[in-house]
Every structure is written in C-alpha cells, then in structure tokens.
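Me: Hi! I would like to learn how to read a fold step by step. Could you walk me through one?

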Amino acid sequence: MIHILTLTYLAAPDVVAAHLPEHKAWLRDHADKGRILLSGPRPDGGAVIVTADLDDTQVRELVESDPWHLLGLVSYELTAFEARRTSPGVVTSPEPDAGVLLINVATTNNAAETVDTLASAVEHVAATADGFLGSRLLTSVEGDAVINLAAWSDEQRFAAIFDDSEFSRRYKAFAETTTGAKFRLYRTSRVITPAR
C-alpha cells in the first residue's frame with residue numbers, strides 16, 4: 001500500500017527547525033532506499049510524506065525511526081491506498097520487482113508528426129495490451145528528438161506487443177517519421193535524491 005503521512009508539529013517552530021538537519025538526513029536515506037517517494041512542508045504548517053508500496057510494519061518502522069518522532073516533535077496521521085496507476089518513471093516498489101521501463105529515443109525532422117504517430121501506437125497498446133502501466137511522450141527542446149517512457153509490469157508482457165499486427169503497423173508508421181530510433185528496457189538499480 002502507498003501511505004500518505006501527514007505530520008503535525010507538536011513543538012514550537014524554532015524547536016522543530018533546530019532538529020531539521022537530522023530529519024532531512026532521515027528523509028534522504030529513505031528516499032535513496034526507495035521507501036519515500038515525495039516529501040515536503042505544508043503551507044499551513046506541518047509536512048507530508050508519500051511512501052513507496054510498503055506494508056503496515058514497514059510504515060510503522062519508518063515512522064518510528066524519524067528523529068522528529070523520536071523527540072516527540074510531530075504526530076503522524078496515516079492514510080493508505082492501493083496504487084493502481086502511476087506515471088511512467090515513478091517506481092513505487094522499494095525492492096526490485098519484475099517491472100521494466102521502456103525508453104525509446106527517436107531522432108526526427110518533424111517532432112509533431114513523430115509524436116502523433118507514436119501516440120497512435122501507444123494508444124493502441126493502452127487499449128489492448130496486458131501489463132502496460134502507462135506512457136509519457138517527451139519532445140526535445142530543440143524539436144529534433146522524441147522520447148517515450150513506458151512502464152510495463154514485466155518484460156514478457158512488453159515483448160508480446162510485437163505479436164500484435166495492428167501495433168506493428170502503427171509502430172512502422174512511427175518509424176517512417178524518424179531519422180533513427182532505438183529502444184531499451186531498464187530496471188531500477190539505484191535511487192539518488194537531491195540533498196535539499
């Protein structure tokens with residue numbers, strides 16, 4: 001389950017701020033381990049943390065290891081939900097799983113046409129393929145390249161799309177708009193978060 005952890009300050013702001021470096025180090029450590037996906041302050045005070053896909057025991061251990069919690073500076077409110085959809089590139093599992101991320105890079109002389117034809121192939125996959133988790137199409141600032149980031153539950157389900165003649169037809173139309181294209185499948189090996 002994904003957990004939204006809402007932190008409420010129990011101490012004066014200056015006391016909380018005095019222990020911010022330890023809390024930030026704790027956040028970064030767990031973000032680097034893939035356990036924390038997002039975190040930040042709320043405009044009205046307090047903070048929010050969004051976890052990766054963790055069980056109840058893992059979340060309890062996470063909360064209990066927070067220096068702010070250990071010092072009694074915050075209280076935690078937990079809301080859990082099952083993540084059924086994620087944006088491509090967002091990995092919700094802190095441990096390696098069978099999921100793969102496709103990165104398809106195409107150079108082009110007409111980015112709009114390339115995006116449209118690739119979108120047609122991806123929309124077909126979205127409507128028909130088992131194991132497809134979502135896609136994001138990016139265009140370079142210069143307009144000379146298109147990148148497709150697509151998440152899949154596993155490599156076998158990704159490979160199965162090439163048995164679909166309609167997908168193959170649409171992908172060929174996309175390839176004809178490019179000056180070159182190459183794709184690779186990737187798995188998460190390490191997460192490095194900003195040191196803010």
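Me: What do the buried residues of helix 2 pack against?

Reply: Contact means heavy atoms within 4.5 Å, and buried means under 20% relative accessible area with a 1.4 Å probe, protein chains only. Here, the buried residues of helix 2 pack against strands 1, 2, 3 and 4, and also against helix 3 and helix 4 (67-70). A note first: this is a predicted model, where local features need pLDDT of at least 70 and side-chain atom pairs count only at pLDDT 80 or more, while totals for chains, interfaces and linings use all residues. Residues are numbered from 1 along each chain as its sequence is written, and side-chain values use heavy atoms, leaving out hydrogens and water.

Me: Which residues of helix 2 are buried?

Reply: Helices (H or I, at least four residues) and strands (E, at least two) are DSSP runs, numbered from the N terminus. In helix 2, the buried ones are His-23, Trp-26, Leu-27, His-30 and Ala-31. They sit on the same side of helix 2, because they cover an arc of only 130° around the axis, judged by directions from the helix axis to the C-beta atoms.

Me: In what order do the strands form the sheet?

Reply: Strands of a sheet pair through backbone hydrogen bonds, either parallel or antiparallel. Two strands count as paired if DSSP finds at least two bridges between them. In this structure, four strands make an open, antiparallel sheet in the order 2-3-1-4. Strand 2 (36-41) and strand 4 (74-81) are at the edges with a single partner strand each, so one side of each has no neighbour in the sheet.

Me: How many bridges join strand 2 to strand 3?

Reply: Five, and the two strands run antiparallel. Leu-38, for instance, has Val-50 in strand 3 as its bridge partner.

Methods: Buried means under 20% relative accessible area, exposed over 50%, partly exposed in between (1.4 Å probe, protein chains only).
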